[in-house]
Amino acid sequence: MQKWDELQQDMRTAFLDGAPGMLVSATVWIIAGVVCLKLGIEKAIWTLLIGGALIHPVSLVLLKLLGRSAKASTGNPLNSLAFATTIWLIVCCVFAYGLSRMNVAWFFPAMMLAIGSRYLTFHSLFGRRHYWFCGGALIAAGYLCAAQGISPALAALVGGGVEALFALALLAGSKPAPAVS
């Protein structure tokens, strides 16, 4: 069995520290915020949910364009952890949508809590402390947006802004793609 740091290195190399996925996610959040401002909260909710479903495939295309395999080694047990956190996120999307039926302003803060908690596990996937800080920042932002009654559009933009900052920090610290032989 491979050592833990080798498994994480495999994930970091294949997925560029997860930064492209986070950047695509940030873009979806920001688009949802703009949709909220222009077309209303209901369309913004669906923008985040549908756009969120497209994050992984769009990220894979982006990774391929950046010269990454976009696939960890077969048998890497961290693939199972990544899959489990995806199921967790889908369940949380249903929960956030249900909360929005009680109070529409709770949707984006609830999604920040869900995604923030998911990012905490990404430290185990990639071995990058950035994910603890990003997860904590999203959880704190989600709580503060809900507690302060921040508008849904602003809450979506805050979620996107937090992710964009951490994605850029991850990209800045990432190693170039390995040379193809």
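Which residue follows helix 2, and is its phi positive or negative? I looked past the end of the helix in this predicted model and found glycine 40, with a positive phi near 110 degrees.

Entry on helix 2. I checked the length of helix 2 next. Its 21 residues, at 1.5 Å a residue, should span 30 Å. I got 29 Å between the end C-alpha atoms, which agrees.

I then listed the buried residues of helix 2: Ala19, Pro20, Met22, Val24, Ser25, Ala26, Val28, Trp29, Ala32, Gly33, Val35 and Cys36. I looked up what covers them, and the cover includes helices 1, 3, 4, 6, 7 and 8.

Entry on the core. I turned to the largest nonpolar core and noted 51 residues in it. Met22, Trp29, Leu48, Phe107, Phe108, Met111 and Tyr119 have the most contacts inside this core. Helices 1 to 8 each supply at least two of the core residues. Helix 6 (107-126) gives the largest share, 11 residues. In soluble globular proteins, nonpolar side chains tend to be buried together.

Which residues make the nonpolar surface patch of about 390 Å²? I wrote down Trp46, Ile50, Leu54 and Val58. Trp46 sits in helix 3.

Conventions:
Residues numbered from 1 in each chain as written. Predicted model: local features only at pLDDT ≥ 70, side-chain atom pairs only at ≥ 80, totals over all residues. Heavy atoms only, no water. Core = buried A, V, L, I, M, F, W, Y, C linked by side-chain atoms within 4.5 Å. Buried < 20%, exposed > 50% of the residue type's maximum accessible area, 1.4 Å probe, protein only. Helix = DSSP H or I, 4+ residues; strand = E, 2+ residues; numbered from the N terminus. Patch = residues over 30% accessible without salt bridge, like charges linked within 9 Å, V, L, I, M, F, W, Y side chains within 5 Å. Areas by Shrake-Rupley, 256 points an atom, 1.4 Å probe, with all protein chains shown as cover. Salt bridge = Lys/Arg side-chain N within 4 Å of Asp/Glu carboxyl O. Expected span 1.5 Å × (residues − 1). Contact = heavy atoms within 4.5 Å.
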